[in-house]
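Morning, everyone. Please put the model up on the screen, and we will walk through it together.

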Amino acid sequence: MIYLFQLMNGIGLGMLYFLLAVGLSVIFGLLHFVNFAHGAFYLLGAYLCYALLQYGVGFWGALVLAAIIVAAIAAVVETGLLKRIYRLDHMYHIVATIGLALMIQEIVIIVWGPVGSSVPAPKALTGAIMLGHFIYPEYRLFVIGFTAVLAAILWWVLEGTRLGAVVRAGSESTDMVSLLGYDINRINTAVFALGAGLAGLAGALAAPIRGVDPFMGVEALAVAFVVVVIGGMGSYTGALIAGLLVGIVQSLMTTLWPAGASLAIYIAMVLVVLVMPRGLLGRA
Amino acid sequence: MDRPIFHFALAALVALLLPFFIRSGTLATEVLVFAIAAAGCNLLLGYTGLLSFGQGIFFGLGSYTLGLALIHTTLPLLPTLVLAMIVGSVVAIVIGALSIRRQGVYFVMLTLAFAQLFYFLAYTFSDITGGDNGLIGIPRRGIGPLALNSSWSYYGFVAVIFLISFAALQRIATSTFGRTLLAIRYNGERAQAIGFPVRAFKIAAFAVSGAVTGLAGALHALLIGIAPLSDIDYHMSESLLVMTIIGGTGNLFGSVLGAAFYLIVSDTLSAIWPRWLLLLGALLIVLALFIQKGIWGLIESGVGIVRGRRGGPDAMAPGVSGSERP
Amino acid sequence: MKGALLSTDGLGVRYGSFTALSEVSLSIGANTIHSVIGPNGAGKTTLFHALTGRVRPSAGRIDFNGHDITALTDDRRVRRGLARSFQVTSLFHRLSVRENLRLAAQGRTPWQALKMWQPAERNQDATAIADSILERLELTRVAGRSAEELSHGQQRRLEVGMAMASRPLLILLDEPTSGMGIDDIATMKRLIADLGRDHTVLFIEHNMGIVMDISDRVTVMQSGRKLVEGAPGEIRDNPEVRRAYLGSMMTGGRA
């Protein structure tokens, strides 16, 4: 029974990893830009959710606002800073976004202090329900349901809308997008904000589960990389499968070998890399 | 000013002058230790074009190897350092071989994920590594009649190793091997097409870098008497990269400057304001935007202005002309 | 064929479900100049990639100098005596011209370049080869400049020189006159003809003037297959070839 419980936990966790990784992946796909500040946006989303709840904003409001604020900040950063360095070597992308991540992390510590804090689940979802023979926290079920809906919407946005088509065309060639008559600068900003917003949302959703602390960003960044390495960059399905895989492995290991739970996901990554260097669904 | 002997003289000058400017023997030693590690990182980044986020692995393993050897065996100090280099090198070969199967940012992500893997290995197997507390109680053995128990005598020892390592890396960088790495960095496709097995050369670069970084990690553990978990974590990899890039890539003395700048500034600022990392973050952004060649690049253009740009390409190192551009 | 330095038998390359090359059998005689022509998308570049080892063929085999090289990687083929130039100039732009050629000469014995203690300048064999090629390419005057400072024509010549430096038996040239002005084209034409004296040359080219003037044999490709092969005169008069090219291009001049 405990395994079923952990499997459920793993799915919830995996869906959050998916949100993180798909944001990273979409940004990379269009901009060929690896965003080391992605974890910092996750961190910021979590803390904004925490703060908004403290100010008495309802949970739904906090969730949506946190994501929107993170996306807005990301849009400002993209227009003011990142746009200037796209043409440079990726070393400078990494330097600049590491710098950005450090700044966000330090600002979080200045505003909210260096010590972490727990975040209450919304009142309506604090209970637990019986699932067959075991009790399961409602909030975690909500996360699974909510992220599943979100994943479906994302799928539709990326595969079924004009924006998605433009993003996919853009990842092949930016000239193509310009030819189609779109302003590539605005598309870049929108996509960067979307990716960052997804990271922020993942952070906000994770806050009631794991609490908030200033160093959760680095951890999330590394996990997002693992998911992308396993799933294959630029693949929506890859991110979904790898996210779930990583979440489930991590959760099951918490029961089997608690000390090695985090270690297990990195070992899983090495195994995948050995067998399939491009990841499960990576493109050539 | 591109002659290797001139750069070596500068490095020797730094080792000689540091004690006059820094009161703490520990900080002065740290500058040289990290200068070695940053130069090792530079061999990969500046000469081979490989941005490795896994340098902390080799550094941390160097620390643990030295700690375990000195605690559990009666090995003298120098063989222990060699052992740390071998461990660093062997692990670097494995990680390098696995990571270079992907290129560009995928390579970077892989090395970062490996860094996390080794961090959690060290964290999980705390029976061996001491986990969160670090591997404590590492004795600092002397070499024959030389006792290294004062902080300045240890500084002297590290300074000698620093200069030997620096000279060795210079020799490697200007060798046929180093020139081939540079060719791979500038145009890997062409290097392969003219007959070089590019992967093998990248792995060889990793082997050298791992050895040098492992040596630095060992010296660090010996300096502070413990092999802390922080020697192998994400931030170690990040700091080593940041030092290398701040100093200027593709120039070994730049790494010395980068390490000195990073450590001295962080030591000064962290005493004044615990949130100094905010300033470091801002500095990195400024670096990416405006100072892409790092401190060494600034010095070079400064000298160029003073000289009135008389030196043409002939003044550059033989075979290498033009300066770094992103 | 007797005396063939390079031959392919039923060579095919597929990318997923797309067949880029099929059933190509070639035979390149030693010390001949052999050109491959054909409209865009005919499979010339894919053929080139398969011969250099960049692309692994999905069918057929390649024999070179009496050995089956089908499974060899590109760097190993260089050691067997097969060298190439690129259509889009691909040099070590920030290294000097001489250093570019020294590296290319070193590429024939790459493992010797693992010597970490030997200063690059003391590598006399490779430097001597580089100097002789500099002379042959008339680039000695600019040997100390970085490759990026050269004119386009000079860069194209250096591009060919990079292939010469590994002392190959066979030189593969991918559109050597690509993007050149008229004066430079004449120089390049002389250079290729000159190469034919002591090497076997296989080149892809759009400029029919060069193809017809200096080739011993011409292979025409279309839709991933070999259409015809023959001496330049036969090709010029072949009705099938004229149809493939819609007539106009066979009179010479630039494509």
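Is C:Glu23 buried or exposed? C:Glu23 is exposed, because its relative accessibility is 55%. The cut-offs are these: buried is under 20% relative accessible area, exposed is over 50%, and partly exposed is in between, with a 1.4 Å probe and protein chains only.

Some ground rules. This is a predicted model, where local features need pLDDT of at least 70, side-chain atom pairs count only at pLDDT 80 or more, and totals for chains, interfaces and linings use all residues. Residues are numbered from 1 along each chain as its sequence is written, chains are lettered from A and ligands numbered from 1 in the order written, and side-chain values use heavy atoms, without hydrogens and water.

Back to C:Glu23. It sits in strand 2 of chain C, residues 18–29. Helices (H or I, at least four residues) and strands (E, at least two) are DSSP runs, numbered from the N terminus. C:Glu23 is not a glycine, yet its phi is positive, about 50 degrees. C:Arg167 also has a positive phi, near 50 degrees, and is a residue other than glycine. Find C:Arg167 in the loop between helix 5 (152–164) and strand 7 (170–174) of chain C. C:Arg167 counts as partly exposed, because its relative accessibility is 41%.

Now chain B. How many helices and strands does chain B have? It has 14 helices and 0 strands. For 326 residues, a compact globule would have a radius of gyration near 20 Å, and chain B agrees with 19 Å. That radius is taken over C-alpha atoms, and the globule rule is 2.2 Å times the number of residues to the power 0.38. The C-alpha atoms fill a box of roughly 55 × 45 × 40 Å along the principal axes. Of the 326 residues, 60% count as buried.

Take one residue, B:Thr213. It lies in helix 10 of chain B, residues 198–224. B:Thr213 is buried, because its relative accessible area is 0%. What does it touch, leaving out residues up to four places away in sequence? Its partners are B:Ala37, B:Gly40, B:Gln55, B:Phe58, B:Phe59 and B:Leu240. A contact means heavy atoms within 4.5 Å.

Last, cysteines. A disulfide is a covalent bond between the sulfur atoms of two cysteines. The search here takes a pair of cysteine sulfur atoms within 2.5 Å. Over all chains, it finds 0 disulfides. A:Cys49 counts as buried at 0% relative accessibility. B:Cys41 counts as buried at 2%.
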